[in-house]
Amino acid sequence: MENQRPLPHPPTRGRLVPLAAVAASLMVVGVLAGVSSVAFRSASPGGGVDAPTAAGAFGRLPLRFEANAGQSGPDDGFLVRSEGFTAFVTGPDTVFRLGDGTAGQVRMHLAGGDAEASATTGRRLPGVSNYLRGAGEKAWLTGVPSYEQVRYGAVYPGIDLVYHGKHSVLEYDFEVAPGADPARIAVAIDGATDGATDVAIDDAGDLVIDTPAGRLRHRRPVAYQETGGARRPVEAAYTKSADGRIGFRLGRYDRSLRLVIDPAVVYSTLLGGLNADSAAGVAADAAGNTYLTGQTASPDFTTVTPLQAGRRGASDAFVTKLNSSGSALVYSTYLGGDGIDAGTAIAVDGSLNAYVTGSTASTNFPTASPVQAAKGAGASTDAFLAKLSPSGSALVYSTYLGGNQGDVGRGVAVDAAGNAYVTGDTASADFPVAAAFQGAKGAAATTDAFVTKFNPAGSALAYSSYLGGGLADAGRAIAVDGAGNAHVTGDTSSTNFPVAAALRGTLAGATDAFVTKLNPAGSALAYSTYLGGGGADAGNGIGLDAASNAYVAGITGSDDFPLTAGAFQTTRAGGDEAFVTKLDPAGSGPLYSTLLGGSGPDQANAVAVEPAGSAHVAGTTSSVDFPVATPVSSRGGSSDAFLTQLTPAGNALVHGAPFGGSAADSGAAVAVDASGNGYLAGQSSFFNADDFPAVDGFQAPPGQENNAFVLKVAPLTPGRPLVTSLAPRSGPPGTKITISGAGFTNTSIVRFGTVVASGFTVVSQTEIQAIAPAATAGVATITVTTPGGTSPPNPVARYTYGEGTWEVTGAQVVARVATRSVLLANGKVLLVGGRDRQGGAALTSAEIYDPKTGTWSATGSMSAARSAHTATLLPDGKVLVTGGSTGGNTSANAVPQLDSAELYDPDTGTFTPTGTMSARRYLHTAILLRSGKVLVAGGRTCSVAPPGTCDFTQYTNTADLYDPATGTFTPTGAMSVPRHTTDSTMLKDGRRLLAGGVRRGGVRLR
């Protein structure tokens, strides 16, 4: 639930990890001079099982492919430069020259590839290279161009090789046409110390290459498919022939497998709009619903039953609740004023009230029954605490918290009685205090931490205290135990930070983490200690188990950070490392203390603890060798979020892996629910809409490069099988289904709901082929039972019976044609308007279908009879009905086309008139845009001339925008051709494509 601390080193943008129909994915950790990492990854221009792709990517290289105009050897095709080495690419070869190239050259050659394969280049990049060397201008090379991509056609029959790259990473893809054989791809490696004898596949399945400059380790390959937008793994391994050539052994190409094997991803989803969005806090209730807070600069951030429907400042906080499957929003709202506001942490109580803290620069931040009604005079920011009702539609209370300088709330917790606890940092000498352990800010301190407890009504401070010494101190996270003791962590530079019963009583480095436990009255320290070594250290997250042991997670740059024997990782692998330290209720110990990281910068930003003591840790990693176990996914960008679960003893990983797309991603917060599901939240950057590894979530990537995200991971039981995908996911009984996952060896039972499948075949430990048994129509969750147990229920394991068949349901209240239907947010269907028969009178009536009962019931009537109208579901759950035809024709007083509109409210079952369009329309199009507005375009129209007749041959190219916030229509740009009965598709960049339709004279458009 804690907020994220800035990375100690700014991350760089990473390489693309797109999907591929069939692709080998190999991580390569380089230890050569000048090489921090090398990656052998997959990519695909389009994917699909009919065009399999095996692909790879090498290293952190520049994006520019510089044509060889004589500045290099005659056999060098294109040059790619990076600090410490140069790469040269041609059709069948990739050559790395490290240093001066004499000792550290590695050549990876496509054995049997066409050395004469022709090259075509992609888009030319801005800028040129100039080589001013030799005697006089005649010897100079100037204006050498660079390109973003180089393609070599038919390096093998039916197989193209494409070099490309993003953000310092060179990639190459094998594009394998239908019918071509990827088994022809073979890599000969030259430049090893003693020939092929020093190219080996080790016991872990990794490819190890020794050179005089060091060792290259290519991690065991991971192959996967992309079908219908889902990532699906294929079994893959290295092979080595007798002559030392390296190839790939791939599983069957038609498997429907995800790149998520174990533990099971319940869902992962983005949340955001057209501008930057980030999640900083996450919480979960007992039912597995997820609560998020963070910051959004997007004017089109998705809202549902919002407390605040629109953004007020340059950026606002947001509060969002998702259902347990991540498939829908329970509520989602902006929260802020006219300044810059941000949510940093969130907690939820047993009554499902959400508590949010953060910072606000707004003088009109929404308050309710506040302890402090106004922002501190002269303050740049104040902290805030807001309590939202279970529906998210009201503030139980909301208050500023701060003085006349900068104040920020960074952590929040709530106890069983509803008391809320906030920590953060304050630069104010007049920060509000009450019953304080420390009543004044440290002398000359730039900031102190603070700890504030609110009573259950939010009407008074139970206590509020500074916590700090003479220099900079900050509270980062807070947790509260069953007795009401507040446990706080953060960082301090003060030599006189208050300590009591301390594990370490003095500052060891420039900054140390601190851990402090306050008694329930906030009047005394149960214990307070420094935690760190000789470098810079900080505590970013804290959690408690059922015994009130405290688990602190953060970042350390110290070689002598206090660690314990037998812990998971006791040696620094590289730069700054994440750490996790467990202290007993007296603050002694530590019970365990471990590092968590690889050769690059890593930091833990949050920790949540199961009652039995298994810690879930969230953070950010830039290490290609970050520790993994039964991974959720694989590393993708220059920095990735990570979610790691430690055993209660802190001596091993239950699971753990990086998570993210091809760019810079960060993990800010973590939560765990009563069932042991883990939740990771943060910010994801991506290069295209297919980049983020979304799984059955609420929102697909909207095309903006920075969005909030949340990932839910099911608990892992050792030896227990897991189902991660089905293909197909629906159909009648008798359908052959591929069940994918892990741990399927010795499967004894496959169930479709409660029905046992009579026949199935275990193809491998990751695949079962089964026949859908006869069952009651509906949705069945597939489970697999082995000696290790039964797979947990998973949304991706749901099979829907009846697709392709028809089922009789209840009769409508009124027979109607030319009607419109809308799926409402509550799962019911609204049927509105139409005609009672072909050519008959238009209807004002509407009715509701309940799929649970299969029955129809009447609901409110419209103010006007309509057919050939539109009905559009709005983000707030209401339905906008526009235009249509009344069924009249040439009567002197009848205008058959309508310019009116009305709103249907499912809560009241009534229609209410709303704005008027600029033109009368029927057979038109209405489209909900990402902004929440509705675009109404085209259709047949009517111009009224005395005595009031209509010309039915008229069409319009005009369009209107409907704004739900104002209830008005505004004319917008006209289409190039008047048309009606038009189809619409949302593009990935947020634009809408209108295609086809009919224009005057009945001409069909294309």
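Buried means under 20% relative accessible area, exposed means over 50%, and partly exposed lies in between (1.4 Å probe, protein chains only). The model on screen is predicted: local features need pLDDT of at least 70, side-chain atom pairs count only at pLDDT 80 or more, and totals for chains, interfaces and linings use all residues. Residues are numbered from 1 along each chain as its sequence is written, and side-chain values use heavy atoms, with hydrogens and water left out.

**Stop 1: the nonpolar core**

Select Phe65, Phe78, Tyr152 and Val155, the residues with the most contacts inside the largest nonpolar core, which has 23 residues. Such a core is a set of buried Ala, Val, Leu, Ile, Met, Phe, Trp, Tyr and Cys residues joined through side-chain atoms within 4.5 Å. Elements giving two or more residues to this core include strand S4 (65-67), strand S5 (78-82) and strand S13 (149-156). S13 gives the most, with four residues. Strands here are DSSP runs (E, at least two residues), numbered from the N terminus.

**Stop 2: the aromatic cluster**

Next, select Phe301, Phe318 and Tyr334, which ring pairs link into a cluster. Rings of Phe, Tyr and Trp (its six-membered ring) pair if their centres lie within 6.5 Å; planes under 30 degrees apart count as stacked, over 60 as edge-to-face and the rest as tilted. The count by this rule is 16 aromatic pairs.

**Stop 3**

Move to strand S32 (residues 382-388), which is joined to S33 by six bridges in an antiparallel run. Two strands pair if DSSP finds at least two bridges between them. Phenylalanine 384 in this pairing stands opposite tyrosine 400 in S33. Six residues lie between the strands of the hairpin, and glycine 392 there takes a positive phi near 75°. Of the seven residues of strand S33 (residues 395-401), six are buried.

**Stop 4: a four-stranded sheet**

Show the open sheet with the order S42-S43-S44-S45, whose pairing is antiparallel. Strands S42 (537-544) and S45 (592-596) stand at the edges with a single partner strand each, so one side of each has no neighbour in the sheet. From one strand to the next the twist averages 20°, with axes taken as lines fitted to C-alpha atoms (for helices over the stretch in contact) and angles running from 0 to 180 degrees between N-to-C directions. Five bridges pair S44 (residues 577-583) with S45, and phenylalanine 579 stands opposite leucine 595 in S45.

**Stop 5: salt bridges**

A salt bridge is a side-chain nitrogen of Lys or Arg within 4 Å of a carboxyl oxygen of Asp or Glu, and the count by this rule is six. Select arginine 572 and aspartate 559, one of these pairs, at 2.6 Å from N to O. Both lie in the loop between strand S43 (550-556) and S44, so the pair ties together parts that are 13 residues apart in sequence. Arginine 572 is partly exposed at 23%, whereas aspartate 559 is exposed at 71%.

Arginine 866 and glutamate 902 come next, with their closest N and O atoms 2.7 Å apart. Arginine 866 lies in the loop between strand S66 (855-859) and strand S67 (870-873), and glutamate 902 in strand S69 (residues 901-905), so this pair ties together parts 36 residues apart in sequence. Arginine 866 is buried at 0%, and glutamate 902 is buried at 0%.

**Stop 6: threonine 916**

Finish in the loop between strand S70 (910-913) and strand S71 (925-928), where threonine 916 is found. What does threonine 916 touch, not counting residues up to four places away in sequence? Its contacts are Asp899 and Phe969, where contact means heavy atoms within 4.5 Å. Threonine 916 is partly exposed, at 48%.
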